[in-house]
Amino acid sequence: MQRAVVFQQRGETDVEQALRELNEVTVASIPGARYAGITLVDEDGKVTSVGATHEFARTLDELQSTLGEGPCLSAAWENHTMLIDDLVAERRWPSYCREVTERTPVRSVLSVQLDTPSAGIAALNFQAEAAGSFDEDAAELARVFAAHTTLVWNSLHRERQFQTALGSRDLIGQAKGMLMERFDIDGVAAFDALRHLSQDMNVKLVEVAQKIVSAGPDRP
């Protein structure tokens, strides 16, 4: 856990890479786990694999996306911890279990919901090749790491929002400066011009600013 805390303080802004590195730390701490990843379901119902430590973890998410069923989706949707001892004997998701056992050596799955309101519904997942790899102690530890992963995820999301806001502010400021110089107007008038263009074009203010900056200072 100490390594994960240090990781959180690094200020990593690449969400995919950051979560993959965190999952690599986490999977080494869960008894029996070989692979880890995060299943993310956005508001449109699209399933994405995030931070997978191995191609098998990505394959399981791809199958759940295609089939619309699986323990990771159930954990994300139903706020449950899903512990699957043996996918060969499991009967709750027949199509998913059949495809997983035919295409991968994964036999045990442990999934815990993540509380990620900024991103959609999600679950932290662990997989192993041996049946019966996870017990209740592993599940309890997984819930602890899921809580920490939630904190890191939300922190990264806020950092990305902040950086985006800074970039938008700088872009709008640059566009204002170009309008002030081109039309010999003050900052208030330049911002009003941007705002009116945004309303007339029915696009975001930052998109108008991007068009002006991209066009260059010499365009009339």
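Glu90 is buried in this predicted model, with a relative accessible area of 14%, and it takes part in a salt bridge with Arg92 in which the closest N and O atoms are 2.7 Å apart. Arg92, by contrast, counts as partly exposed, because its relative accessibility is 47%, a value that falls between the 20% limit for buried and the 50% limit for exposed residues. Side chains of opposite charge can pair when their charged atoms come close.

**Salt bridges**

Arg195 forms a salt bridge with Asp192, and here the closest N and O atoms are 3.1 Å apart. Because they are 3 residues apart in helix α7 (residues 187–201), Arg195 and Asp192 are separated by about one helical turn. Arg195 is partly exposed, with a relative accessible area of 32%, and Asp192 counts as partly exposed at 28% relative accessibility.

The table sets out these pairs with their distances.

| Arg92 | Glu90 | 2.7 Å |

**Overall arrangement**

The secondary structure of the protein comes to 8 helices and 5 strands, and from the N terminus on these elements run α-α-β-β-α-α-β-α-β-β-α-α-α. Of the 220 residues in the protein, 41% are buried. Among contacts between residues at least 6 apart in sequence, 59% join residues that are at least 24 apart.

**The contact of α3 with α5**

Helix α3, which covers residues 55–67, and helix α5, which covers residues 94–103, have axes that come within 10 Å of each other and cross at roughly 145 degrees; the crossing is right-handed. On the α3 side the contact is made by Thr59, Leu60, Leu63, Gln64 and Leu67, and on the α5 side by Ser95, Tyr96, Glu99, Val100 and Arg103. Sorted by class, the residues in the contact of α3 with α5 are 5 nonpolar, 3 polar and 2 charged.

Arg103 and Phe56 are 47 residues apart in sequence, while their C-alpha atoms are 8.9 Å apart in space.

Most residues other than glycine have a negative phi, and most peptide bonds are trans. Asp184, placed in the loop between α6 and α7, has a phi near 55 degrees, which is a positive value in a residue other than glycine. Asp184 is exposed, because its relative accessible area of 71% is over the 50% limit.

Asn202 is found in the loop between α7 and α8, and its phi is near 60 degrees, again a positive value in a residue other than glycine. Asn202 is exposed as well, with a relative accessible area of 69%.

In helix α8, which runs over residues 205–215, the residues Val208, Ala209, Ile212 and Val213 are buried. These residues lie on the same side of α8, because they cover an arc of only 130 degrees around the axis. Just after α8 comes Gly216, which takes a positive phi of about 95 degrees.

Definitions and conventions
Residues are numbered from 1 along each chain as its sequence is written. This is a predicted model: local features need pLDDT of at least 70, side-chain atom pairs count only at pLDDT 80 or more; totals for chains, interfaces and linings use all residues. Side-chain values use heavy atoms; hydrogens and water are left out. Buried means under 20% relative accessible area, exposed over 50%, partly exposed in between (1.4 Å probe, protein chains only). Helices (H or I, at least four residues) and strands (E, at least two) are DSSP runs, numbered from the N terminus. The arc is that of the directions from the helix axis to the C-beta atoms. A salt bridge is a side-chain nitrogen of Lys or Arg within 4 Å of a carboxyl oxygen of Asp or Glu. Axes are lines fitted to C-alpha atoms, for helices over the stretch in contact, and angles run from 0 to 180 degrees between N-to-C directions. A crossing is left-handed if the near helix is turned anticlockwise from the far one by less than a right angle, and right-handed if clockwise. Contact means heavy atoms within 4.5 Å. Ala, Val, Leu, Ile, Met, Phe, Trp, Tyr, Cys and Pro count as nonpolar, Asp, Glu, Lys and Arg as charged, and the others, Gly among them, as polar.
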